[in-house]
Amino acid sequence: MNLFISQVSAIVWKDFTIEFKTRELFSAMFIFALLVILIFIFSVNLSVVEASEVGPGILWVAFLFSGTIGLNRSFALEKENGCLMALMLMPADRTAIYFGKLISNFVFLTIMELFILPLFMIFFNIDLLEHLFPLLIVIFLGTLGFCALGTLLSSLASNLKTREIMLPILLYPLLVPIVIAVVRMTGQVLAGEPLSEMMNWIGLTASFDIIYIGVSIMTIDHILEE
Amino acid sequence: MVDSQTSQPSNPVIEVRKLRKEFGVLKALDGISFNLERGEFLSVFGPNGAGKTTLIKILSGLTRPSSGTARVAGFEVEGGHPEMRREIGVISHSTALYGDLTPLENLIFFGKMYGLGRLKELALTALEDVGLAPRRHDPVRTFSRGMIQRLSIARAILHDPSILFLDEPFTGLDIQASNVLKENLITLHNKKRTILMTTHDVSCGLEMCDKVALQVMGRFAFFEDVEGINKDKFEEMYFDAVRDKQFAMGIRHS
Amino acid sequence: MMSSDAVEENEEESSILVWMTGLAFLAAIIAIFIYVPTERTEGVVQRIMYFHIPSAWLSFFAFFVVFICSILFLWKKEREWDIYAHASAEIGVIFCSLVLITGPIWARPIWGAWWVWDARLTSTLILWIIYVAYLMLRAQSEAGSMRARYAAVLGIVGFLDIPLIHFSVLWWRAFHPQPKVISSEGIGKGMEIGMLATLGISLCAFTLLYFLLMGVRVRQEKLKDEIDRLKRETLYSS
């Protein structure tokens, strides 16, 4: 068990060291998310549409799109020089590799989201600080679900010739429940409703997180096999 | 780590029985059986597509065999027991290094994954051994191919495995890297490590090994001690096998 | 691998199935177009429901088979289960497409729009995309153990998503006519007996069709394997 934890943390440490050196991923994700938000702002007329109505949707589309960039990069890094095979030769459980990648994907995406939030607040003129705590819970649950399924599917897609194309095609339809749930919840949170009013959505998102972390633990052995 | 193996009662170290790997109609291995004692060095020759890489992948626990059994260091390879993985080191043509990390960071990362102690010293000694210590703080991306290969060797034997699998290790190496590899192999052979290597290079493969195998179409067509093998005769036989294979491929394309 | 006896036996079985399916469809068509009375409020277009509902049932059943076969494949690692999952996914996608085609034909006169973002329509569309992606994944990867394992994982992940999609879309919005066959008042209470019988016959016919198509598709895939094997044998024996 100790070895398991130190292996998971070694993978996370390695991903962070690479990111601190190159700063490739974070800057790409951040700028991309910003661009998505801008394009949506141009495509809706904010003088006609209420900002609080379209805001949550735009925010999450930006998160998911730039998160996909992160996922694609995450396993491409492992495939580059056959590192993934070396990882599979280690005396490590396959789930250690999964959790290591899941945690680094999750942390990268969350940090990026925290940088986007203030910009979102300014662009849409919505006061987030008032509802910051429930908003963070929604972001946590949504991002975890996205990364749980995304890490599994990107480990799978990384072995395909057309991985950049296939990952979103496989991932997005499966993410529909999460997308609907987080957009709804974010809207309700920003309207000042307490979390207790949306227990069904929280339950749905939490079940999504649990189901897909569970499925990943059970199936990752079959994906990480030559 | 080394001491635990001397008390390892399993003899032979590698035991392969009627190993098959097929999926539907694709046959990569078609019933291979052989034994390898502790400290023996086996060179496996064979044309492309003979299933040499599949053999190594099964023995290192990366792929499951369809039928048959293989035991490595006393462990059933199927399912890849973590303790078995600790005993093996694999060198293949992919370098398995992170280009953005320095050699030191690469070795420390892989060492952590093996749960090794006193990592920094261990990594530094390993870098000295392959002559890369002066460049330990440069990103691996800036290295030449030969240097990367040397580092890749250091990575594969960092945890001092008792069994080494080498899949075409000499492909694409410059003279210096291939000398480092040869020296390392000879040292490891003298230290009684069990080695299985696949290669195309007949003279190099025959020079170092104890046993020779020729793998064609998923089978061992030939498995003998290296003593008494006439190099020229073996070469002729090997080239015949390669030619036959190409002949067969020719039919398919026409 | 496959002896000639086995092939003959298979052929005999499938010819019985062909006859049964043919008769069932004949009965279903007679029932739908001649026997069953026209629905009072919706008119003649309501008859498309006798194709729509069985198609929906069939696609759902087919995806369930994909799920089960995927689990069995990962467990047993036998090519057989991979073939079943593949065949079933293809059939499922075809019938899911039929659902998505017959639905709007009915909706246009009744709801006045080809498409509304109703819960059931939306989930069917998402389901269709998931399994088209499944077939794309299969097409993208080379034949072999990798393709089978990846497809199996997606077959499991995709099916487990269905209840989550269902609830999320349901809470999102709902327009679809409440199911009449199984309602809170009990099975079949919402429908006339003639309509129920027609639907029953149609369901039987479609289910038989599923097994017929499965048989054909599975046999085709096995013959493909057999051809590959024979090719290889000639290749290596020369």
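Two residues are in contact if their C-beta atoms, placed from the backbone, lie within 7 Å. The model is predicted: local features need pLDDT of at least 70, side-chain atom pairs count only at pLDDT 80 or more, and totals for chains, interfaces and linings use all residues. Residues are numbered from 1 along each chain as its sequence is written, while chains are lettered from A and ligands numbered from 1 in the order in which they are written.

**Figure 1. Helix α4 of chain C and its cover.**
Helices (H or I, at least four residues) and strands (E, at least two) are DSSP runs, numbered from the N terminus. A residue is buried if 20 or more other C-beta atoms lie within 10 Å of its own, exposed if 12 or fewer, and partly exposed in between, with C-beta atoms placed from the backbone. Buried residues of α4(C) include Thr122(C), Ile126(C), Ile130(C), Tyr134(C) and Leu137(C). The cover over the buried residues of α4(C) includes α7 of chain A and, from chain C, α2 (49-76), α3 (79-111) and α5. An α-helix has 3.6 residues a turn, so residues three or four places apart point the same way. The expected span of a helix is 1.5 Å times one less than its number of residues.

**Figure 2. Helix α5 of chain C.**
Helix α5(C) covers residues 145-172, 28 residues in total. From first to last C-alpha it reaches 40 Å, close to the 40 Å expected. How many residues of α5(C) are buried? The count is 20 of the 28, so α5(C) is largely enclosed by the rest of the structure. At Ile162(C), shortly before the proline Pro163(C), the helix has a kink of about 30°. The bend at a residue is the angle between axes fitted to the seven residues ending there and the seven starting there.

**Figure 3. Where chain C touches chain A.**
Here 26 residues of chain C are in contact with 24 residues of chain A. On the side of chain C, the elements that give two or more residues are α4 (119-140) and α5. Helix α5(C) supplies the largest share of that side, 17 residues. By class, the side of chain C that touches chain A has 20 nonpolar, four polar and two charged residues. In this scheme Ala, Val, Leu, Ile, Met, Phe, Trp, Tyr, Cys and Pro count as nonpolar, Asp, Glu, Lys and Arg as charged, and the others, Gly among them, as polar.

**Figure 4. Where chain A touches chain B.**
The contact takes 22 residues from chain A and 23 residues from chain B. Helices α1 (2-22) and α4 (83-89) of chain A each supply at least two residues of the chain A side. Which element gives the most to that side? It is α1(A), with nine residues. Sorted by class, the chain A side has eleven nonpolar, six polar and five charged residues.

**Figure 5. The largest nonpolar core.**
A nonpolar core is a set of buried Ala, Val, Leu, Ile, Met, Phe, Trp, Tyr and Cys residues joined through C-beta atoms within 7 Å. The largest one has 196 residues, and those touching the most other members include Leu149(A), Leu59(B) and Val66(C). Helix α7 (residues 163-190) of chain A gives the most to this core, with 15 residues. Leaving aside neighbours within four places in sequence, Leu149(A) is in contact with Leu171(A), Leu174(A), Leu175(A) and Tyr212(A).

**Figure 6. Val90 and Ser178 of chain B.**
Val90(B) is in strand β6 (residues 88-91), and Ser178(B) is in helix α7 (residues 175-190) of chain B. Is Val90(B) buried or exposed? Val90(B) counts as buried because it has 24 C-beta neighbours inside 10 Å. Ser178(B), with 19 other C-beta atoms within 10 Å, is partly exposed. Leaving aside neighbours within four places in sequence, Val90(B) is in contact with Leu89(A), Ser60(B), Ala156(B) and Phe165(B).
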